[in-house]
Every structure is written in structure tokens, then in C-alpha cells.
Amino acid sequence: MTTSVLQMFVGNNTAVDLNSKTFHSFPQSTDGFSVTMAILHLAVCITGLGGNSLVIIAILKLDKMASATTVYIFNLALADGLFMVGLPFVAFQNFQNQWIFGDVACKLVMVLDGINQFTSVFCLTVMSVDRYMALVDPLRFARWRTPKRAKIISAFLWLFSLISVLPMALHFTVQYGLCMADMFVGKFWMTFLTYTFVLGFVLPFMVMIIFYTTLVVTLRNSRQYDSRCSSSEESQRFEKQVTKMVVAVVMVFGICWLPFYVVNFCSLYGTNVTLTFARGFEIAVLLSYSWSCANPILYACLSETFNRYFHTLLCPHINHSRMHCNRDTEAYDLHYTTGQDVSVLT
């Protein structure tokens with residue numbers, strides 16, 4: 001779905017204006033921008049597949065989906081990894097200015113692209129709610145945070161994502177040598193783009209901000225007013241780490257996805273398609289894909305648990321310290337002021 005609107009009509013040399021239903025051709029050449037974008041597409045694809053595969057292996061081999069949080073992270077990594085599968089096809093069309101994989105592959109790539117995009121965003125959104133429940137009052141929400149319930153919720157997210165992107169299969173086809181949406185349904189694109197923007201960006205972004213902000217405020221108030229706090233320095237360290245996680249997750253999500261939707265909406269109202277605009281859209285699309293390879297990096301940097309998991313998998317000859325898991329609260333690593341083991345991401 002990240003290839004919607006203008007992206008479906010832009011290779012390195014051709015664009016289609018949805019308003020005028022006309023093609024715009026640019027000088028055909030393999031310039032520095034094209035080569036750079038091809039290399040960046042390859043780098044993002046390899047990093048995304050490698051990083052998310054590492055997360056999946058770590059969860060299956062070391063964690064075994066023992067908590068609700070790691071169930072969501074597993075599904076997030078799976079969706080992000082599958083999201084990368086469609087990137088080579090999109091990159092090839094952009095670089096060669098043609099689609100050679102057939103009509104069925106066109107529909108399949110676009111549908112899978114949309115399913116994995118939505119599932120990835122939905123999983124990250126549910127994780128913000130899960131983190132709130134785990135860190136604010138884990139005992140109260142314990143029965144809602146079992147691995148079994150998390151698997152049921154994750155299955156629903158996949159199903160809901162599939163239903164949400166079914167129109168992709170109806171309106172994407174190979175036309176003029178490119179995999180693109182039916183250019184004669186411009187009203188459909190305006191409706192569909194607004195729908196995906198609200199469902200895939202605005203609502204998830206608002207949910208993440210609300211729950212993460214409430215989480216940080218609650219932890220700060222708890223540190224200031226809870227007389228049971230035994231270590232002010234430790235609670236401040238924990239609060240800073242949670243705040244760092246919140247800012248990182250929200251900023252990365254916004255930076256990677258907002259330009260894509262902004263450029264999409266601008267393309268609907270633009271009357272003059274320029275090479276600069278087309279290249280700007282390519283960058284915005286690549287940026288949206290890069291979000292999927294950013295998540296494993298966030299785990300490695302912000303989660304002590306996953307940091308140890310990665311070291312265990314990549315450096316098995318090194319003796320790593322044993323990780324403690326509190327099965328009652330399904331949380332790890334950091335010792336909070338109330339004596340519970342909690343963590344930033346897992």
C-alpha cells in the first residue's frame with residue numbers, strides 16, 4: 001500500500017497525473033539518483049529482513065513467546081519482515097520503469113504490502129496499550145495480558161488488516177507496463193487514501209501518544225508522591241529510560257510515515273508533475289519502508305532483554321548472564337520502585 005497514488009505511476013522516467021489522466025515522461029537515464037535509490041532500497045530490504053528475522057528467532061528460540069508483549073513483538077517483526085518482501089518488486093519497477101511480473105503478482109504484492117503495513121502499525125499501537133498496563137498496574141491487568149489473549153488479539157489484527165486492504169486486489173492491475181491502480185477511479189483513490197491515512201496513521205498515532213504520555217505522567221507522579229520509593233535515583237533512571245523509549249517510538253513512526261501521506265495528498269491536487277516531485281515521492285516511499293527495519297534497532301538500543309537475546313544469538317560462545325522473568329507480571333529487566341520487575345519494551 002505504500003506504493004499508492006503517484007508511486008504506482010512513477011518509475012524513474014514516467015508519471016501519471018490522476019487529475020488529467022495523462023502521462024508525463026522524464027529523460028531516461030541511469031543517473032546518480034537512480035543508482036543511489038537502488039542501493040538504498042537494497043540496504044533497507046537486507047536490514048529489514050535480517051533484523052526482523054533475528055527478532056523472530058530470538059523470540060521463538062529464547063523467549064518462546066512467554067509473555068503478551070513478546071507475542072505482539074513477534075507479530076510486529078513478522079509483519080515488518082513480510083513488508084520487506086514487496087520492496088524489491090517496487091524498487092525494480094522504479095529503476096526499470098516497467099513491471100514484468102504479471103497481473104497476479106501485481107495484485108498479490110500490493111495486497112500483501114497493505115496487510116503487513118496495517119498489521120505492523122496495529123501491533124505497535126496495541127503494544128502502547130500493553131506497555132501502559134504492564135508498567136502502571138501489572139497485577140490489575142494481568143488477566144488481560146496473558147500470551148493466549150495476546151495471540152487472539154494478534155490474529156484479529158491480521159484478519160482486520162486483510163479486510164481493510166481487499167480493495168487493493170480489485171483496483172490494482174498492470175497497465176501501460178506498470179503495476180498501478182485504475183487511473184479512472186480517482187474518487188476511489190481520494191476516499192481510500194483518506195481512509196488509510198486515518199486508520200493507518202492518525203488513529204494509531206493518537207493512541208500511542210495518549211497511552212505513552214499517560215504512562216510517563218503516571219510514573220513521574222508515582223516517583224514524586226509514593227512514599228514507598230526506596231531509591232529516588234533508580235526511579236529517575238527508570239523514568240528517563242521509559243521517556244526515551246516513548247519519544248523514540250513516536251518520533252520514528254511519525255518521521256517515517258507522515259512524509260508519505262503528505263506527498264500522497266499533494267499528488268492528488270498537483271497539476272504539474274515534475275521530476276523533483278517524483279523523486280521526492282520515491283524518497284518518501286523508501287522512508288516508509290525503512291520504518292520496518294528501524295524497529296529491531298529500537299529493540300537492541302532500548303530493551304536490555306533483546307540486547308541480551310541478540311548477543312546470545314550472534315555471539316553464542318560468550319557466557320551471558322541469566323535473565324530473570326517475573327511470570328506474574330510478564331515483565332523483565334528493570335527494577336521499579338515498588339519492587340516489581342518491569343522493562344521498557346519487554
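**Entry 1**

I started at Cys45, which counts as buried at 10% relative accessibility. Here I take buried as under 20% relative accessible area, exposed as over 50% and partly exposed as in between, using a 1.4 Å probe and protein chains only.

**Entry 2: ground rules**

I am working with a predicted model, in which local features need pLDDT of at least 70, side-chain atom pairs count only at pLDDT 80 or more, and totals for chains, interfaces and linings use all residues. Residues are numbered from 1 along each chain as its sequence is written, and side-chain values use heavy atoms, with hydrogens and water left out.

**Entry 3: the whole chain**

I looked up the secondary structure and found 10 helices and eight strands. These are DSSP runs numbered from the N terminus: helices are H or I with at least four residues, strands are E with at least two.

Of the 346 residues in the chain, 51% are buried. The chain exposes about 15,300 Å², and carbon and sulfur atoms supply 67% of that area; the areas come from the Shrake-Rupley method with a 1.4 Å probe, and for residues only the protein chains shown count as cover.

Next I checked contacts, meaning heavy atoms within 4.5 Å. Among contacts with a separation of 6 or more, 76% join residues 24 or more positions apart.

**Entry 4: the disulfide**

How many disulfides does the rule give? I get one, where the rule asks for a pair of cysteine sulfur atoms within 2.5 Å. As a reminder to myself, a disulfide is a covalent bond between the sulfur atoms of two cysteines.

The partners are Cys106 and Cys179, with their sulfur atoms 1.9 Å apart. I read 80 degrees about the S-S bond, and the link of Cys106 and Cys179 is right-handed. The pair links distant parts of the chain: Cys106 sits in helix H4 (residues 103–136) and Cys179 in strand E4 (residues 178–181), 73 residues apart.

Cys106 is buried at 0% relative accessible area, and Cys179 is buried at 0% as well.

Back to Cys45: it is in no disulfide, and the nearest cysteine sulfur, that of Cys293, is 9.7 Å away. I also looked up Cys123, which is buried at 0% relative accessible area.

**Entry 5: annotated spans**

From UniProt (unreviewed entry) I noted the feature "transmembrane region" at residues 38–60, 72–95, 155–174, 194–219, 245–263 and 283–302. Positions are in the numbering used here, feature names are shortened, and annotations may be inferred rather than shown by experiment.

I checked two of these spans against the model. Residues 38–60 are 100% helix and 0% strand, with end C-alpha atoms 33 Å apart. Residues 155–174 are 80% helix and 15% strand, and their end C-alpha atoms lie 31 Å apart.
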